[in-house]
Amino acid sequence: MKRITLFFLIITSFAIAQKQSAKFEASKDGFIDYVVLEFDGKTANEIFTQVKKWAQYNIRNSKDAEYSEIENEYIAYSLFLEKALIIDAEYGIDYDLELRIKPEKLRIDLKVNSMPNPNHNGMDLTFAKSLNSMFKNNGEPRTLKDRVLKREAINNFANGIVADLEQAVNGTADYKKSDW
């Protein structure tokens with residue numbers, strides 16, 4: 001019962017103060033917007049099936065990842081990717097990916113929980129409020145070259161997930177890597 005309550009608290013806090021955006025853009029508070037992809041003529045079941053297939057190919061141990069599912073409506077993963085960003089150091093990404101499905105639509109929410117530096121030197125990457133943050137506390141982007149590169153890298157990571165999901169649902173993803 002505690003897990004269910006915690007799950008619903010996370011979901012409701014995740015949805016507060018969000019708005020739709022064409023792409024993910026990092027801010028001092030992380031990714032506060034969500035992205036909606038539209039697929040003309042696709043049923044909720046078709047979108048759900050293609051998203052599940054994408055997960056099986058792209059999420060290591062997707063069945064075993066912390067995971068929640070409501071058939072044809074909702075899929076959520078809590079994931080950790082080692083060496084997700086390599087700029088001045090290697091950073092992992094601990095993130096939650098929520099996918100909401102309706103006929104002809106897929107909503108993508110991405111919440112980055114942490115970006116640890118595996119060297120354990122205390123310099124984890126953050127959006128704000130640390131020595132290694134991408135934004136000042138007032139929300140202005142830091143202008144140091146490495147911070148600009150880090151913002152670009154995290155935006156590319158997030159929008160890469162969007163592009164991959166769009167290809168998967170449209171049936172243009174090359175899972176079998178036909179050129180091998």
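**Questions on a predicted model**

Biologist: Does Asn155 count as buried or exposed?
Modeller: In this predicted model, the relative accessibility of Asn155 is 11%. Buried means under 20%, so Asn155 counts as buried.

Biologist: In which helix is the place of Asn155, and which residues does Asn155 touch beyond four places in sequence?
Modeller: The place of Asn155 is in helix α3. When residues up to four places away in sequence are not counted, the residues that Asn155 touches are Phe24, Glu25, Ala26 and Phe31.

Biologist: Where is the place of Glu25, and what is the separation of the C-alpha atoms of Glu25 and Ala158?
Modeller: Glu25 has its place in the loop between β1 and β2. This residue is partly exposed, with a relative accessible area of 47%. Leaving aside neighbours within four places in sequence, Glu25 is in contact with Gly30, Phe31 and Asn155. Glu25 and Ala158 are 133 residues apart along the chain, and their C-alpha atoms are separated by 8.4 Å.

Biologist: How many aromatic pairs does a search of the whole structure find, and why is the pair of Phe31 and Phe127 edge-to-face or stacked?
Modeller: The search of the whole structure finds four aromatic pairs. The centres of the Phe31 and Phe127 rings are 5.9 Å apart, and their planes stand at 75 degrees. Planes over 60 degrees apart count as edge-to-face, so the pair of Phe31 and Phe127 is edge-to-face.

Biologist: Which parts of the chain does this pair link, and how many residues apart are Phe31 and Phe127?
Modeller: Phe31 lies in the loop between β1 and β2, and Phe127 in the loop between β6 and α3. Phe31 is buried, with a relative accessible area of 7%, and Phe127 also counts as buried, at 9%. The pair links distant parts of the chain, the two residues being 96 residues apart.

Biologist: Which parts does the pair of Tyr95 and Phe157 tie together, and how many residues apart in sequence are they?
Modeller: The ring centres of Tyr95 and Phe157 are 5.3 Å apart and the planes are at 85 degrees, so this pair is edge-to-face. Both Tyr95 and Phe157 are buried. Because Tyr95 lies in strand β5 and Phe157 in helix α3, the pair ties together parts that are 62 residues apart in sequence.

Biologist: Over the face of which ring does Arg107 lie, and at what distance from the ring centre?
Modeller: Arg107, the bridge partner of Val36 in β6, lies over the face of a tyrosine ring. That ring belongs to Tyr34, and the distance of Arg107 from the ring centre is 3.5 Å.

Biologist: In which sense do β2 and β6 pair, parallel or antiparallel?
Modeller: Strand β2, residues 34–38, is mostly covered, since four of its five residues are buried. β2 pairs with strand β1 over two bridges in the parallel sense, and Val35 in β2 is the bridge partner of Ser21. With β6, over four bridges, the sense is antiparallel.

Biologist: Which residues touch the most other members of the largest nonpolar core, and which element gives the most to this core?
Modeller: The largest nonpolar core has 43 residues, of which Leu106 and Ile154 touch the most other members. The elements that each supply at least two residues are β2, α2, β4, β5, β6 and α3. With nine residues, the element that gives the most is α3.

Biologist: What is the separation of the C-alpha atoms of Lys129 and Lys28?
Modeller: Lys129 is found in the loop between β6 and α3 and counts as exposed, at 67% relative accessibility. Neighbours within four places in sequence aside, Lys129 is in contact with Phe135 and Asn137. Lys129 and Lys28 are 101 residues apart along the chain, and the separation of their C-alpha atoms is 8.5 Å.

Note on methods:
Residues are numbered from 1 along each chain as its sequence is written. This is a predicted model: local features need pLDDT of at least 70, side-chain atom pairs count only at pLDDT 80 or more; totals for chains, interfaces and linings use all residues. Side-chain values use heavy atoms; hydrogens and water are left out. Buried means under 20% relative accessible area, exposed over 50%, partly exposed in between (1.4 Å probe, protein chains only). Two strands pair if DSSP finds at least two bridges between them. Rings of Phe, Tyr and Trp (its six-membered ring) pair if their centres lie within 6.5 Å; planes under 30 degrees apart count as stacked, over 60 as edge-to-face and the rest as tilted. A charge sits over a ring if NZ of Lys or CZ of Arg is within 6 Å of the ring centre and within 35 degrees of the ring normal. A nonpolar core is a set of buried Ala, Val, Leu, Ile, Met, Phe, Trp, Tyr and Cys residues joined through side-chain atoms within 4.5 Å. Contact means heavy atoms within 4.5 Å.
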